[in-house]
Amino acid sequence: MNAVVTATGLTKTYKNALALDHVSFRIDSGRIVGLIGPNGAGKTTALKAILGLTDFQGELNVLGLDPRSQRDQLMEQVCFIADVAVLPRWIRVREAVDFVANVHPRFNRAKCEGFLARTKLTPDMRVKQMSKGMIVQLHLALVMAIDARLLVLDEPTLGLDILYRKQFYQSLLEDYFDENKTIIVTTHQVEEIEHILTDLMFIRDGKIVLDTDMDAVGERFAEVLVSADKADVARRLKPLDERQVFGKSIFLFDGADRSVLEDMGEVRRPSISDLFVATMKGTYA
Amino acid sequence: MKTFYWLLKREFWEHRGGFLWAPVITGVVFLVLNVMAVIAAEVLGARHGFHVGGDNLQMMIARADAGDIRQIGAGLDIAMLSSMGVIGIVMGIVVLFYCLGALYDDRRDRSILFWKSLPISNVNTVLSKVVSAIVVAPVIAVLVSLVVGLAQLVIYALVLSLHGVNAWQLIGLAHPFRAVGTLVSSIPLYALWAVPAVGWLMFCSAWARNKPFLWAVAVPAVIGLLVSWFGIMGLFNLPTAWFWKNIVQRALLSVFPGSSLVYDDGSLTAGADFGDDGHDPLAVLSPMHTYGLLASPNLWIGVLAGVVLLAGAVWFRRMRDDS
């Protein structure tokens with residue numbers, strides 16, 4: 001598989017804080033990668049580096065280009081939606097479509113109009129008259145009509161109601177994503193994107209603490225429901241995390257032997273949010 | 001090229017209010033005020049039996065010698081120019097604030113992230129805004145001025161013709177075509193003259209993290225005060241006023257059309273001419289005079305400084321990632 005993004009020793013310091021600390025990773029084509037981390041962990045900084053919006057130290061290669069010096073070419077192949085409501089407030093739907101159609105060589109106008117036809121947006125509507133959800137619909141219609149190889153989404157559904165959120169990811173999967181495209185997404189609403197991700201990256205204090213594909217998550221991590229009498233045995237196996245539910249304990253294990261776990265109780269695949277909470281324990285302490 | 005055209009179009013969409021409607025509304029208000037003044041004069045005239053123009057005026061024109069005729073023409077020219085001047089001032093204000101917001105507003109509302117998600121270079125973005133400020137805005141203002149100026153001339157002529165004065169003869173005394181030519185030809189000179197101010201304002205707009213207006217005004221003002229205080233210009237054998245006139249004013253006020261007249265000694269002479277024999281207010285503005293500025297280092301050093309500042313603006317446009 002060919003790499004879409006390769007980072008080696010990516011480092012970014014703001015005045016006194018280290019936002020990215022010698023981060024290295026690789027993202028292949030045809031993947032949907034979730035970049036998950038607590039507030040201030042460096043997610044947005046990493047995305048900004050990929051998009052050439054910020055300066056950094058280290059090596060970063062996006063689609064064979066250096067985002068710092070070759071940004072203009074890069075942006076023909078890369079699209080991004082940086083949280084909601086960044087469309088200019090004065091623009092009308094018609095103007096936005098006209099503008100993008102004329103400055104973006106890979107924009108398909110008919111496709112965009114098709115997407116817009118499914119919404120309540122009218123050509124003369126201005127962004128300032130729209131609800132947050134409608135703004136995202138417009139932005140998504142514009143972006144999905146661009147035949148880009150990499151789509152970067154930074155908290156794209158922040159502040160949207162659940163109908164818009166579901167619809168957002170559903171359209172992405174149904175109308176946009178294919179094996180030639182790659183999507184990188186950050187969000188705090190982990191549960192909603194869990195089933196669409198192919199890869200998972202956890203970032204904490206500027207470091208990648210977990211970088212794996214979703215199949216491997218199921219093999220590596222396991223959650224066991226243990227009754228009180230076996231809890232001590234389970235604790236000796238050094239679980240990542242332990243929580244209590246209805247008098248039983250749920251333990252989260254990293255790389256433990258399946259057969260041993262199955263003796264103690266019911267084994268299941270942990271949800272990403274539980275895995276996230278366990279991994280990020282003590283972040284704000 | 002196509003991209004650049006659409007970038008200009010985008011600026012026009014966003015600033016239609018300032019670029020188009022501000023001059024149009026100013027012009028319309030100006031005309032309405034004039035008409036009201038004329039009506040007031042008519043009413044007063046009728047009430048007090050005072051006679052505007054009429055046969056007397058017609059006779060006056062008929063008997064007037066060449067000098068008097070020129071004076072009537074000059075009066076009409078001034079009436080025409082005054083509306084153009086008001087629109088020019090409004091345009092200067094629009095351009096000043098446009099430049100200050102051009103590279104700042106989209107950072108503040110974060111829509112810069114949308115613009116930057118498109119394959120547009122920072123150089124083109126900044127250039128499209130410069131062209132909007134020094135070409136698009138003045139061209140629109142000039143077109144509106146021409147319509148308003150000529151409309152005013154026609155209104156005066158019509159009013160006088162109601163009093164039996166031959167309107168066409170009156171219009172013939174004014175110089176509408178010269179006024180048109182003068183105004184149109186002033187656009188390129190304005191563009192060059194405004195470059196340092198546009199450069200400085202846009203530099204502040206791209207650089208300031210907040211309150212670009214304050215920075216743009218405060219920096220030159222404070223430096224000017226320090227220069228005055230310590231008499232630094234004395235080191236160069238120049239009066240303190242030189243700094244205020246050539247640095248502070250050039251950085252802030254060159255966006256006002258006609259501001260170059262203050263600097264051009266030639267125009268002062270023209271003004272003096274206007275004083276004694278001058279029945280020709282257009283002379284001050286004529287390209288023959290104003291384009292003498294092309295020979296002045298003040299203009300070209302300003303252009304150079306403006307280009308350097310704009311290069312700085314492009315750099316900050318790329319580097320600032322506070323959104």
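**Ground rules**

I count residues from 1 along each chain as its sequence is written, with chains lettered from A and ligands numbered from 1 in the order in which they are written. Since this is a predicted model, local features need pLDDT of at least 70 and side-chain atom pairs count only at pLDDT 80 or more, while totals for chains, interfaces and linings use all residues.

**Confidence**

Then I looked at pLDDT, the predictor's confidence in each residue, from 0 to 100. Chain B averages 83, and 87% of its residues score at least 70.

Where in chain B is the mean pLDDT of an element lowest? I found it in helix α12 (residues 265–276) of chain B, at 46, while helix α1 (residues 2–14) of chain B has the highest, at 95. Helices (H or I, at least four residues) and strands (E, at least two) are DSSP runs, numbered from the N terminus. I also noted that pLDDT stays under 50 over residues 266–278 of chain B. For that stretch the model has 17 contacts beyond four places in sequence; a contact here means two C-beta atoms, placed from the backbone, within 7 Å.

**Chain B overall**

I counted 15 helices and 0 strands in chain B. Of its 323 residues, 37% are buried (20 or more other C-beta atoms within 10 Å of a residue's own; exposed is 12 or fewer, partly exposed is in between, and C-beta atoms are placed from the backbone). Looking at contacts in chain B with a separation of 6 or more, I see that 83% join residues 24 or more positions apart.

**Where the chains touch**

The contact takes 20 residues from chain B and 21 from chain A. On the chain B side, α1(B) gives the most, with 6 residues. I sorted that side by class and got 8 nonpolar, 4 polar and 8 charged residues. In this scheme Ala, Val, Leu, Ile, Met, Phe, Trp, Tyr, Cys and Pro count as nonpolar, Asp, Glu, Lys and Arg as charged, and the others, Gly among them, as polar.

**Domains of chain A**

Chain A is assigned domain 1 (3–205) and domain 2 (217–279); such bounds come from an automatic or database domain assignment. Their centres, taken over C-alpha atoms, are 35 Å apart. I found 6 residues of domain 1 of chain A in contact with 6 residues of domain 2 of chain A. On the domain 1 side, α7 (190–193) and β8 (199–204) of chain A are the elements giving two or more residues. That side has 4 nonpolar, no polar and 2 charged residues.

**The largest core**

A nonpolar core is a set of buried Ala, Val, Leu, Ile, Met, Phe, Trp, Tyr and Cys residues joined through C-beta atoms within 7 Å. The largest one has 94 residues, and Ile50(A), Val78(A) and Phe80(A) are among those touching the most other members. Helix α5 (residues 132–144) of chain A brings the largest share, 7 residues. Both domains of chain A supply at least three residues each.

I followed up Ile50(A), which touches Val5(A), Leu60(A), Val62(A), Pro67(A) and Val152(A), leaving out residues up to four places away in sequence. Ile50(A) is also one of the buried residues of α1(A), a helix (residues 43–50) with 8 of its 8 residues buried. After α1(A) comes Gly52(A), with a positive phi near 70°.

**Strands of chain A**

Strands count as paired if DSSP finds at least two bridges between them. Strand β1 (residues 3–13) and strand β2 (residues 18–28) of chain A pair antiparallel over 7 bridges, in a hairpin with 4 residues between them. Val5(A) has Ile27(A) as its bridge partner in β2(A).

Is strand β7 (residues 182–186) of chain A mostly covered or uncovered? I found it mostly covered, with 5 of its 5 residues buried. Thr182(A), Ile184(A) and Thr186(A) lie on one side, Ile183(A) and Val185(A) on the other. In a regular strand the side chains alternate between the two faces of the sheet.

β7(A) runs parallel to strand β3 (residues 32–36) of chain A, with 3 bridges, and parallel to strand β6 (residues 150–154) of chain A, with 5 bridges. Ile32(A) bridges to Ile183(A), and Leu150(A) to Thr182(A).
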